[in-house]
There are 2 protein chains.
Amino acid sequence: MSIVLLAKNLGLSISTVSRALNGYEDVSAATRERVVLRAKAIGYRPNPSARRLGAGKTLAIGVILPAAGSTGQAVDSMYSSLLGGVVTEIEPAGYHLLASMQAKHDAARENALFENFIRGGWVDGLLIVRTRVHDARLELARAAKMPFVTYGRTESDQPYAWVDTDNEKAFHLATTRLLDLGHRRIALINGPEEYSFAQFRRRGFVRALASRRLKPDPTWMLHGDLTEGAGHELCRSLLIRRPAPTAFVCATDSMAFGAIAACREAGLSIGSDVSVIGYGNSSLSAFCDPPLTTMEHQVFENGRYVGRALLQLLRNEIQPADVHYLEPVVLVPRKSDGPAPQ
Amino acid sequence: MSIVLLAKNLGLSISTVSRALNGYEDVSAATRERVVLRAKAIGYRPNPSARRLGAGKTLAIGVILPAAGSTGQAVDSMYSSLLGGVVTEIEPAGYHLLASMQAKHDAARENALFENFIRGGWVDGLLIVRTRVHDARLELARAAKMPFVTYGRTESDQPYAWVDTDNEKAFHLATTRLLDLGHRRIALINGPEEYSFAQFRRRGFVRALASRRLKPDPTWMLHGDLTEGAGHELCRSLLIRRPAPTAFVCATDSMAFGAIAACREAGLSIGSDVSVIGYGNSSLSAFCDPPLTTMEHQVFENGRYVGRALLQLLRNEIQPADVHYLEPVVLVPRKSDGPAPQ
DNA sequence: GGGCTAGACAAAAACGTTTTTGTCAAGCAA
DNA sequence: TTGCTTGACAAAAACGTTTTTGTCTAGCCC
């Protein structure tokens, strides 16, 4: 009954107070100021629940965190910063971030959970992360008329709002660098291929080889979880082949660290016998031995971009087709790669 | 007007439908079943906003993510898994997690933001992370009568609900291990001392030394950000002293990796010339060179514990004083430590 | 039969806003 | 003067639940 009290205190009607606080035009400047001042003075805070019901908005943006790894007992640590960026932007606009979580399931069950979430009326907009090549979530969100921004692109015949890093360019860059260093036997240690980022990375890798008239060997393009363990295992399986690769491009720094461990176990010297390039420029990559050549991308900043886009989408200031932000990725050269061995 | 429709469809009153769906006793079993079935059949979902207003609950639990590092442009990646655990538990109970974010500010401004958040009526309960030794947030939450669980303990004259890892024991364990290996010049590379976890770690470290009648040298107990960079810098500053430490206990694996880098730069062989122990058992620690001796703790599981405790607190099934969960930490011996050099 | 209790449901109030519609006076043009 | 518009505010409806209070019937005891 709080706005009632404030209205009484001011000798105004509830509606005038409400409209004054929400900046409507049909309340005089003098009254508006008086209301705002008094509200502040007596510490009036509109009840969010009532506000949501009255306005038919939840003032929340939803995100479903995907469980990471095969165990599903963790969340990819990257999302901390992404969400931090999103919240930084939406908070000042009065929005909050509602986090849900998706345990490891079959895709059908995942989609059911997803639909339940967006149909439940919990949020006004959605951040869809870790897009798949074919991602049913877009259809579900569209069917529910729920504005959304994806973090990562996907196959879709309709325009949609996305923010992504230029995975293809990044892996083209990295592969070209290795080619320039004289490597001809380059392997790709990729993430799970159902995710679209993995497709882009593979494409960049293949394009780089093709531009030098090299035919990529499919058996040298492996994929696995984005973990050190998977990187280690995949690299090991490649190193026992003859001839073995002389260079590895990895989907994440974590995978690169695993690959480096495998190379070391094989008695190879990183940066001379064998080259490894990672992705992500994790804080560790500058401090490991040898420092990891990797690609930098700005997760927190991307999160901010997502947040801004969502707000504009919710205010109808912008169309989904207008949100296409491809973050350029820069290569950070360090010491884990070098000229191809003779 | 959805429950109205459902009620009409059933030929019942709104109140009976509501009470049936919420499992009240004054509705016959037959009717209840009929209502539940029909609700499912026509796909009725109670509107969360209305529910919140009606019941006076938000069905949300809040957490404020602290900005990490000195730049404040990131969130400690640990929180991904912690939040994952929390959500896993509260989701099935119909609760959601509302994430807010705290940029780097002075403590006063931080507390103002915090109060604004809890007084705003957005959440029913709180998760307070990264506790300080003296943490004003507890008082603010109590004053607002907002149930909360802290992740990490703090100084407080009243009982409060906390979940923590046994930092003191962990660092006692690690330090004792180094002492048993013959080390006598052991340094502590700690996190920021305003945080209570850093105090506990220091205490464990000091106790271990004291139990061998060793007087800890305060100039060998340094602290900094929980980053590789800080670990590197602090370790470097210790290595140039004479005599230099032969072993380092670090507040996180990240700091340990930084310390290892510094040792390597000084030409020391890790595990023989110098020993380093980390904390966290990050996925990388098994794959670096040498594999890092570290301490394992289960962030995701702790998050689940927090979630369960919050639910019970909200239901008044339990008192804050009943929530004292100290996670045991186990040491994971690997190769980054060894006998003290002669 | 009167009074009481319990069971099962309904009516209505409450939750605190936002939004829509209404009112009233002042100003102005014809 | 009449009618119309505009500016500033008020009244009331709407949002969709939950909770409180009320009603009615059947059953039971004495």
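**Figure 1. Pairing of strand β2(A) with strand β2(B) in the predicted model.** Strand β2 of chain A and strand β2 of chain B, the latter formed by residues 96–102, run antiparallel and are joined by three bridges. Within this pairing, L97(A) has A99(B) as its bridge partner. Strands of a sheet pair through backbone hydrogen bonds, in either a parallel or an antiparallel arrangement.

**Figure 2. The contact between chain A and chain B.** In the predicted model, 47 residues of chain A are in contact with 47 residues of chain B. On the side of chain A that touches chain B, at least two residues each come from α4, α5 (78–90), β2 (96–102), α10 (228–239) and α11 (253–265) of chain A. Helix α5(A) gives the most to this side, with seven residues. By class, the side of chain A that touches chain B comprises 21 nonpolar, 18 polar and eight charged residues.

**Figure 3. The protein surface near DNA strand C.** DNA strand C is surrounded by 26 residues, of which I3(A), S18(A), A50(A), G54(A) and S15(B) are the closest. Both chains take part: α1 (2–10), α2 (14–21) and α4 (48–55) of chain A, together with α2 (14–21) and α4 (48–55) of chain B, each supply at least two residues of this surface. Helix α4(A) gives the most, with five residues. The surface near DNA strand C divides into 11 nonpolar, 12 polar and three charged residues.

Figure 4. Helix α4(B) provides the largest share of the surface near DNA strand D, five residues. The classes represented are 11 nonpolar, 12 polar and three charged residues.

**Figure 5. The open four-stranded sheet of chain A.** The strands follow the order β7-β6-β8-β9, with parallel pairing. At the edges are β7 (221–223) and β9 (275–277) of chain A, each of which pairs on one side only. Neighbouring strands of this sheet are turned by 20° against each other on average, direction ignored. Strand β8(A), residues 247–250, runs parallel to β9(A) and is joined to it by three bridges. In this pair of strands, V249(A) stands opposite I277(A) of β9(A).

**Figure 6. Helices lying across strands of chain A.** Helix α8(A), residues 167–180, lies across β6 (186–190), β8 and β9 of chain A and runs at about 170° to β8(A). Helix α10(A) lies across β6, β7 and β8 of chain A, running at about 155° to β6(A).

**Figure 7. Helix α10(B) and its surroundings.** Helix α10(B) has 12 residues, numbered 228–239, and reaches 16 Å from its first C-alpha to its last, close to the 16 Å expected at 1.5 Å a residue. Its buried residues are E228(B), A230(B), G231(B), H232(B), L234(B), C235(B), L238(B) and L239(B). An α-helix has 3.6 residues a turn, so residues three or four places apart point the same way. The buried residues of α10(B) are covered by elements of chain B including β6 (186–190), β7 (221–223), β8 (247–250) and α11 (253–265).

Definitions and conventions. Residues numbered from 1 in each chain as written. Chains lettered and ligands numbered in written order. Predicted model: local features only at pLDDT ≥ 70, side-chain atom pairs only at ≥ 80, totals over all residues. Near = placed C-beta within 6 Å. Nonpolar A, V, L, I, M, F, W, Y, C, P; charged D, E, K, R; others polar. Contact = placed C-beta atoms within 7 Å. Pairing = 2+ DSSP bridges. Axes fitted to C-alpha atoms, helices over the stretch in contact; angles between N-to-C directions. Expected span 1.5 Å × (residues − 1). Buried ≥ 20, exposed ≤ 12 C-beta atoms within 10 Å, placed from the backbone.
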